[in-house]
Amino acid sequence: MSVAAVERPVVRRRAHAPAPAPVSRGMVPRSNLVARLAGAADVPLSLLVAPAGYGKTTLLGEWGRSSRRPFAWVLATEADNDPSHFARSIAEALAAAGITKKNVAAKLPGAVAQPARSFVLAIDRAEALRSPGSMQLLRELIERLAPGSRIAVASRSEPQLGLGTLRAEGLLLELRATDLAMSVREASALVSAHGLALDREDLELLVHRTEGWPAALALAVLAALEERSPARALATFSGSDRFIGDYIEDELLGAFADADLAFLRRASVLDRLSGPTCDRVLERADSARMLKRLSRMNAMLIPLDRADDEFRCHRLFAQALQADLRHEDPGSEPGLHARASEWFAEHGDVERSIAHAAAAGDPDRAGELLWEQAADLLGWGRTAQVGRWLRSFGDAGVAGSPTLALTAAAQAFMAGERSLVEHWASLAGQGAVEPYAQLLRSAAGEDRVAQMGELAESAVSGMAEESPWLALGYFLQGVSSHLTGGREAARASLEEGARRAAASTPIIQALCLSQLALLASERRDGAAAESLAARAKAQVERSGTSEYPIAALVLAVSASVEAQLGRVEASKADAREAERLLSLVADFSAWYEAECRLALARAALRLGDSRQAQQLLEDTDAYLERASDAAVAVAWLKECRAQVNQSAATSAGRDWSLTTAELRVLQFLPTHLSFPEIAERLYVSSNTVKTHARAVYRKLDASSRGEAVLRAREAGLLDEASHTGVGHAALDALS
């Protein structure tokens with residue numbers, strides 16, 4: 001094989017047509033793809049179909065340079081739509097590569113049936129071939145190709161070669177845009193080759209934005225080289241960048257008829273394209289046919305099913321088209337989005353309806369739609385998405401729409417930001433939204449618990465029976481009843497709130513369950529407290545709301561219950577997370593801040609950390625001064641403080657400093673279990689249990705097991721439920 005046949009392939013092309021691009025031109029080696037092509041030795045046709053910029057020509061060049069067989073190359077042009085001209089182009093390329101003799105164009109199909117040796121014939125830019133005669137010639141070449149020889153066709157659009165039959169018979173290797181897209185590893189190599197550096201997260205974001213489109217990645221690097229902060233430029237690269245915009249205009253848009261381009265521009269406002277959707281939004285009746293035809297042209301339309309019913313535009317292509325739409329027809333975009341919002345609302349896709357209403361600049365419609373879904377979106381951890389929609393209107397736009405302001409207040413509640421709740425709720429105004437505004441104000445800003453309960457009850461009475469916000473109302477009424485001594489009423493309200501919130505607002509259900517766990521702990525029902533606290537914690541984790549600051553109560557109660565059960569490490573982990581979330585709460589309702597700290601103080605006492613408990617109780621004082629009618633919480637504070645004082649007196653001012661292992665053994669000392677039986681439950685040796693028990697006696701200044709239990713109870717390390725025959729199910733769970 002002649003080296004020249006690979007490095008300088010003979011082609012018939014226009015004088016300005018580019019030669020096969022070398023690997024060094026903004027690309028990285030694609031050895032994995034070359035291996036796929038070279039390895040399919042028994043497949044006569046290799047098809048590379050992708051839009052411009054996916055490295056088809058570069059890949060063929062890599063294959064040619066590494067191939068042990070002669071590699072002939074034809075760059076198709078408009079002239080090759082004449083079958084005779086096409087035959088001459090192929091014959092000259094085969095002869096130049098030493099595969100056939102010259103002047104075999106007239107008997108071309110026969111010439112490839114019995115060559116001197118196997119070869120590869122590459123037909124590049126095959127999208128230029130549209131004539132039936134040239135397509136028929138190419139089909140005949142494929143059909144009569146000698147075993148071991150290959151034809152590789154690279155095209156921007158799908159060639160009419162009877163691919164269905166070839167595919168069914170296993171005679172076709174296909175590489176599409178998804179196969180040719182660059183991986184994060186390849187993108188890293190490309191970025192590094194230009195002396196730039198991105199961390200893994202930024203690389204993944206860049207590949208996501210470009211969808212691995214090689215040309216876009218190369219252009220992103222070039223654009224970044226012009227910026228002061230290349231890393232930030234790469235991470236924010238989009239289809240509106242002039243580099244990619246110019247490329248798309250030069251290489252893609254010019255191939256479309258004006259009518260096709262107008263269709264694509266208007267359709268680009270949609271993230272999912274279907275015939276019925278485009279017909280409604282674009283106000284036409286032939287969208288399904290247009291989409292199918294354009295997808296065959298590889299117009300950067302990605303099919304979302306096998307029936308050619310739904311498509312989406314490549315992200316960068318859509319962004320470039322949208323920029324083009326704003327330039328060419330700036331007045332049409334709001335109407336397109338408005339019709340899209342109506343369409344998706346009619347078909348039950350409320351989130352897309354909201355997004356298009358926001359894009360249409362219609363705050364009233366967006367507000368109504370968003371408020372209808374706010375409980376569900378916020379309750380299931382979608383606060384970031386809600387925030388993006390709200391920010392699209394700016395503060396003035398949100399303030400001008402009662403329902404947008406109400407949604408902003410609800411989002412601020414989830415974040416534990418009292419001032420923002422009060423600000424946005426006050427701007428929501430009166431009328432139909434007033435009960436909801438009142439509820440949110442009382443939830444975040446009312447310190448007097450009796451007044452909070454009354455306001456919540458009044459708000460609930462003004463809401464529709466099916467409103468998901470009723471659950472929050474019942475939660476507040478339950479807390480109010482609990483902290484003012486009405487425990488049975490509290491239980492009923494909290495159970496009703498948990499029931500209503502189960503499906504729509506799991507974060508509210510978790511709060512209800514946590515308050516019920518506190519009630520269970522008060523009545524010494526350890527099993528119920530354990531179950532309720534575990535369900536609450538699982539709910540915030542499952543719903544994606546575990547990062548919400550108002551989830552601090554859930555983690556604080558869980559820490560308290562875990563400590564009561566002797567699960568030291570689990571309690572410490574929950575306490576750390578609760579303290580972190582509580583630090584994010586900004587001047588929230590006084591009862592809430594106090595209750596979280598009291599639960600954490602109880603956990604600290606049970607874990608022998610009286611110093612931490614003392615600090616938490618000092619912080620609680622200020623909150624209960626504001627919520628002075630929370631009589632039950634005041635009693636909790638006095639009880640915890642007495643335990644801290646007793647601990648200090650019993651230990652002569654020293655911290656107990658019990659280790660995790662010692663605390664676990666301590667939980668079993670009130671039972672009738674022997675040391676060997678305790679050892680079985682803890683999966684340790686009997687000698688280990690004896691060693692830890694003796695350390696407990698020494699640290700508590702006790703001379704017997706009974707005296708150690710008594711001193712532990714006085715210090716708050718154990719409660720009255722921790723005695724023989726009580727709480728055995730919970731204690732057994734320690735093993």
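Reader: Is D324 buried or exposed?

Author: D324 is buried, because its relative accessible area is 18%. Buried means under 20% relative accessible area, exposed means over 50%, and partly exposed lies in between (1.4 Å probe, protein chains only). This is a predicted model: local features need pLDDT of at least 70, side-chain atom pairs count only at pLDDT 80 or more, and totals for chains, interfaces and linings use all residues. Side-chain values use heavy atoms, without hydrogens and water, and residues are numbered from 1 along each chain as its sequence is written.

Reader: Where does D324 lie, and what does D324 touch?

Author: D324 lies in helix α17, residues 315-328. Helices (H or I, at least four residues) and strands (E, at least two) are DSSP runs, numbered from the N terminus. Not counting residues up to four places away in sequence, D324 touches L253 and R265. Contact means heavy atoms within 4.5 Å.

Reader: How do I read the order of the strands in the sheet?

Author: Strands of a sheet pair through backbone hydrogen bonds, either parallel or antiparallel. Here, five strands form an open sheet in the order β2-β3-β4-β1-β5, with parallel pairing. The edge strands, β2 (71-75) and β5 (172-175), each pair on one side only. The twist averages 15° from one strand to the next. Two strands pair if DSSP finds at least two bridges between them. Five bridges join β2 to β3 (residues 120-124). W73 has A122 as its bridge partner in β3.

Reader: Which residues of helix α24 are buried?

Author: An α-helix has 3.6 residues a turn, so residues three or four places apart point the same way. In α24 (residues 418-428), the buried residues are R418, V421, W424, A425 and A428. Seen down the axis of α24, they fall within an arc of 140°, so they line one face of the helix. The arc is that of the directions from the helix axis to the C-beta atoms. Their cover includes α22 (394-399), α23 (402-414), α25 (434-445) and α34 (610-626). G429 follows α24, with a positive phi near 85°.

Reader: Which members of the largest nonpolar core touch the most other members?

Author: A nonpolar core is a set of buried Ala, Val, Leu, Ile, Met, Phe, Trp, Tyr and Cys residues joined through side-chain atoms within 4.5 Å. In the largest, of 141 residues, they are F413, W469, L472, F475, I508 and Y592. Helix α33 (residues 590-606) gives the most to this core, with twelve residues. Another core, of 79 residues, lies apart from it and has L217, V269, A299 and L336 among its members.

Conventions:
Axes are lines fitted to C-alpha atoms, for helices over the stretch in contact, and angles run from 0 to 180 degrees between N-to-C directions.
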